[in-house]
Amino acid sequence: MSTQEQTPAAAAGQCPVAHGRKPARGSRMPGIAQLYLGLRHTIGFSRWSQRRFGDVHVAKAFPMGKSVYIADPELVAAIFAGPHDTLHAGVTNGIFLKAIFGERGILSVDGEEHTQTRKALMPPFRGKAINGYADIMREETERRIASWKVGDEIKMVDEARAITLEVILRTVFGAVSGPQMDELRTAVTKASEITLVGSTWMVFPQLGKIPPWRSFDRLIARTNELLDAFIEERRGASDLDERTDTLSLLVRSSGKDNEWLRNQLMSLVGAGHETTTTSLAWAMELLSRHPAVREKARTSDDSYLDAVVNETLRMRTVLPGVGRKTSRSIELGGYTFGKGTMLNPQLEAIHNDPKIWGDPEVFRPERFLDRKLATNEFIPYGGGKRRCIGALFAHKEMVVALRTILDAMDFEHVGPAAEKHKHSHVTMAPAKGGLIRRTR
Ligand code: HEM
């Protein structure tokens, strides 16, 4: 049920949660300190806040202001199933992403525009199409493996980035050779390396006029020129009707202008590349420290690798949370949220909650084979009408890459202990880059 009215608390600028099933409290630290802790010590700060203030609590992080952090699967389920015209993700995603992905990119839009954009982008990422990409995924993994020598230390984040970038470029653009594609490849890699300081430019694009942010601004401007050239070339291609890459499909079927196409291309390449990179690097880091799981993965069929990938995404959830902003007051799961409330379902906290998983710190893929999961206990791809459109694609890519690596070689962990998390642009990456050593 929802009402049009703001709650008195929200209207008074107080805690945006009116009284419901559980009271929500939050830290009184200044927003800038909470932003710092949230970015620098994401997991530790999240755990501390959850322990101290509960599964549903309010925190404030500059520049978004107050948000409700939610690690209660039932409430998260209600949010994901909630009305699309009231719970908006584009407005929150856009804060950080529109400078790179564009104002009209799927991640930054809401309402009818989002529904139509999603409809246009979905076909190449549906189940039927996915198997067609397996050869590309295998070839790109084999290409990287060929450069790893026995005894070498390998930084998996860099290797996984090279694999996933080529895979998504080939899927989205088709052929990927030539100087313009090389320049685009470099630009996309640079954009995904934007650091903590650099990312302030995403929130305040006006910074683009002064160094060091000016270089990001120029990077995006040049990337747009390159994308325009690809789009124009494709519009005039004699084989447009036979081509199966995403760009050709969109040029053929969407009838949209260059800016819209550019924004979607950048969104697909950006969203589809860094997330899969860090997830694959974590899978290798975890397998390198668990020889028995590695051996079982090598000798079992792909259903066990499916479980390895899921267990990786659970334990090392690369996007710790997602956002929704209410456009009117709404009741969900026994709470009333006022108009303009930022809701942050905490995927990572749910995946590592002992109340749900018993021993969340143990890497045990079997848990995905042994138990039936309840709704929204396992949500690495978010949910509802904003659920990741690349979920099947990413899962397939990780399974194919791991199978190709396990068939070709063996490896071990480098260093005495498990790698910690590091905030790398928008994802949580292994702090040392997922270092492994090839042993065979
Ligand atoms: C392991 C890899 C990946 C993870 C963990 C991941 C995770 C996510 C998450 C959490 C969201 C937000 C969902 C929400 O707000 O409820 C999302 C959205 C999205 N992802 Fe992924 N993703 C991955 C790979 C990919 C790939 C390979 C692609 C593209 C081929 C992709 C394209 C997108 C797009 C376009 C959206 C926006 C959907 C929308 O707003 O409707 N992702 N992803």
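Strand β2 (residues 65-70) and strand β8 pair in the parallel sense over four bridges. Strands pair here if DSSP finds at least two bridges between them. Helices (H or I, at least four residues) and strands (E, at least two) are DSSP runs, numbered from the N terminus. The structure is a predicted model, in which local features need pLDDT of at least 70 and side-chain atom pairs count only at pLDDT 80 or more, while totals for chains, interfaces and linings use all residues. Residues are numbered from 1 along each chain as its sequence is written.

A residue is buried if 20 or more other C-beta atoms lie within 10 Å of its own, exposed if 12 or fewer, and partly exposed in between, with C-beta atoms placed from the backbone.

**The protein as a whole**

The protein has 21 helices and 12 strands. Of its 440 residues, 43% count as buried. Among contacts between residues at least 6 apart in sequence, 75% join residues at least 24 apart. Two residues are in contact if their C-beta atoms, placed from the backbone, lie within 7 Å.

**The sheet β4-β12-β9**

Three strands form an open sheet in the order β4-β12-β9, with antiparallel pairing. β4 and β9 stand at the edges, each with a single partner strand, so one side of each is left without a neighbour in the sheet. From one strand to the next, the twist averages 35°. α9 packs on the sheet and touches β4 and β12, its direction making about 55° with that of β4. α15 packs on the sheet as well, touching β9 and β12, and its direction makes about 90° with that of β9. Axes are lines fitted to C-alpha atoms, for helices over the stretch in contact, and angles run from 0 to 180 degrees between N-to-C directions.

Strand β4 (residues 153-155) and β12 (residues 435-438) are paired over three bridges. Three bridges also join β9 (residues 411-413) to β12. Arginine 437 of β12 is the bridge partner of glutamate 153, and arginine 437 is also the bridge partner of glutamate 412. Phenylalanine 411 stands opposite arginine 438 in β12.

| Helix | Residues in helix | First to last C-alpha | Expected span |
|---|---|---|---|
| α9 | 18 residues | 25 Å | 26 Å |
| α17 | 14 residues | 20 Å | 20 Å |

α9 is mostly covered, with 14 of its 18 residues buried. Glycine 174 follows α9 and has a positive phi, near 85°.

In α17 (residues 302-315), the buried residues are Leu305, Ala307, Val308, Val309, Glu311, Thr312, Leu313 and Arg314. These buried residues pack against α15 (274-289), α16 (291-299), α18 (347-351), α20 (367-370) and α21 (391-408).

Valine 176 lies in the loop between α9 (156-173) and α10 (179-191). With 18 C-beta neighbours inside 10 Å, valine 176 counts as partly exposed. Leaving aside neighbours within four places in sequence, valine 176 is in contact with Glu166, Leu169, Arg170 and Met181. Glutamate 166 is 10 residues from valine 176 in sequence and 8.0 Å from it in space, C-alpha to C-alpha.

Arginine 185 is in helix α10. Arginine 185 counts as partly exposed because it has 16 C-beta neighbours inside 10 Å. Not counting residues up to four places away in sequence, arginine 185 touches Leu165 and Leu169. Arginine 185 and alanine 162 are 23 residues apart in sequence and 9.8 Å apart in space, C-alpha to C-alpha.

**Around the ligand**

The ligand is surrounded by 26 residues, of which the closest are Gly272, Thr275, Gly382, Cys388 and Gly390. A residue is near a molecule if its C-beta atom, placed from the backbone, lies within 6 Å of it. α14 (258-271), α15 and α21 each supply at least two residues of this shell. By class, the shell has 15 nonpolar, eight polar and three charged residues. Ala, Val, Leu, Ile, Met, Phe, Trp, Tyr, Cys and Pro count as nonpolar, Asp, Glu, Lys and Arg as charged, and the others, Gly among them, as polar.

Notes
Expected span 1.5 Å × (residues − 1).
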